[in-house]
Structures are given as structure tokens and as C-alpha cells.
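Load the model in your viewer and keep the selection panel handy. We will walk through a sheet, the helices on it and then a pocket.

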Amino acid sequence: MSSLLQPSSTQNWLSSQGSSSGLIAKQTIRVDIPVENFPSYNFVGRLLGPRGNSLKRVEASTECRVLIRGRGSIKDPAREEMMRGKPGYEHLNEPLHILVEAELPVEIVDARLMQAREILEDLLKPVDESQDFYKKHQLRELAMLNGTLREEGSPMSGSLSPFHNSLGMKRAKTRG
């Protein structure tokens with residue numbers, strides 16, 4: 001579903017600088033993540049994507065900064081517990097949420113924040129894994145980044161395991 005991340009046509013006329021007043025506005029909105037309703041769903045992984053690329057695309061297409069905050073926003077629970085209560089980490093006492101920040105010309109700041117909210121809210125709707133084309137796209141991208149992508153229909157070389165050949169010996173690692 002990469003169409004979610006494509007700039008909309010309305011964005012083009014909004015970004016024309018001809019009518020800009022030169023005033024820059026900084027605004028922040030909060031988008032709650034429904035972890036109470038779906039406690040086992042990996043919202044953070046879905047938002048971040050492979051190596052953070054999905055979130056970077058949302059930021060690039062909306063020109064907003066997207067921050068994941070609250071309980072569960074730090075990958076390592078032990079580190080999160082250690083940081084709780086320290087200055088700058090007060091958000092760890094709140095439920096998991098997203099802050100979207102925009103520092104843009106006043107004429108477009110609201111439209112960009114609304115665009116970011118729509119994209120993020122769409123990503124925060126849990127989807128059955130068999131129907132989740134967005135996640136399939138993310139997994140394919142991760143395989144490409146890791147150099148482990150196998151095209152559908154390509155024969156596995158030798159054995160069923162990608163780590164051992166039929167003699168039980170490890171295959172040499174190759175860079176693809």
C-alpha cells in the first residue's frame with residue numbers, strides 16, 4: 001500500500017511559494033495508539049518499518065516530524081524502566097502515542113498535520129496478517145535491505161534450509 005505514502009495532488013498547490021506570507025508556525029498534534037484495545041499488536045514495528053524507513057517516508061511526504069512516545073516506545077523494556085522519571089523521559093508515564101510536529105508556513109501547516117494524521121491513523125488500524133499488504137511490503141523491503149530476498153517461484157538452492165546444504169555443512173555467506 002505504498003499509495004498511502006505518495007504526496008497528494010492537493011499538496012502541490014499548497015506548497016507553491018507564490019502566496020506565502022513568510023510566517024512560520026510550529027504546531028504539534030497527538031495521535032493515540034490503541035494499545036488497550038489491541039495489546040498484542042505490534043504498532044511500533046508497523047509504524048517504524050524496516051530500519052525506520054516507513055516512518056521516514058511519512059515524515060518526507062508530509063514534512064512533519066513523527067515521534068513515538070509513551071510506555072513501550074523504547075525497544076528494550078529494561079532501558080525504558082531505567083529512563084522512566086528522568087528529565088526528558090516524562091512521556092514514559094503516559095500511554096503509547098505519537099507526536100506529530102510541523103514547523104511550516106502558516107498556509108500549509110494545518111493541511112500537512114492533517115495529512116500526517118490520516119496516514120498514521122490508517123497505519124494504526126490493525127489488519128489480519130494474511131490481508132496486511134503493507135506489512136508484506138515492509139517484510140519484502142527488509143529482505144531486500146538484508147540481501148535475503150527470494151523472488152516467488154525461484155528454486156531454493158539445494159536443501160530446504162537456507163543455512164545448511166544437503167551434507168549438513170554451512171554454506172559460505174555471500175553478498176547479493
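Here is the tour, one selection at a time.

This is a predicted model, in which local features need pLDDT of at least 70 and side-chain atom pairs count only at pLDDT 80 or more, while totals for chains, interfaces and linings use all residues. Residues are numbered from 1 along each chain as its sequence is written, and side-chain values use heavy atoms, leaving out hydrogens and water.

**The sheet.** Select residues 24–32 and 97–105: these are strands E1 and E3, antiparallel and joined by nine bridges. Strands are DSSP runs of E with at least two residues, helices runs of H or I with at least four, numbered from the N terminus; two strands pair if DSSP finds at least two bridges between them. Zoom in on Ile-29, whose bridge partner in E3 is Val-100. The open sheet has the order E1-E3-E2. E1 and E2 each have a single partner strand, so one side of each is left without a neighbour in the sheet.

**The helices.** Show H5 (residues 106–123), which lies across E1, E2 and E3, with contact meaning heavy atoms within 4.5 Å.

**The pocket.** Which helix gives the most to the lining of the second largest pocket? Select H2 (43–48): H2 supplies three residues. A pocket is an open set of points on a 1 Å grid over the protein atoms alone, where a 1.4 Å probe fits, with protein on both sides within 12 Å along at least five of seven lines; lining residues have an atom within 4 Å of a point. Finish with other lining residues, including Ile-68, Lys-75 and Glu-80.

Definitions and conventions. Axes are lines fitted to C-alpha atoms, for helices over the stretch in contact, and angles run from 0 to 180 degrees between N-to-C directions.
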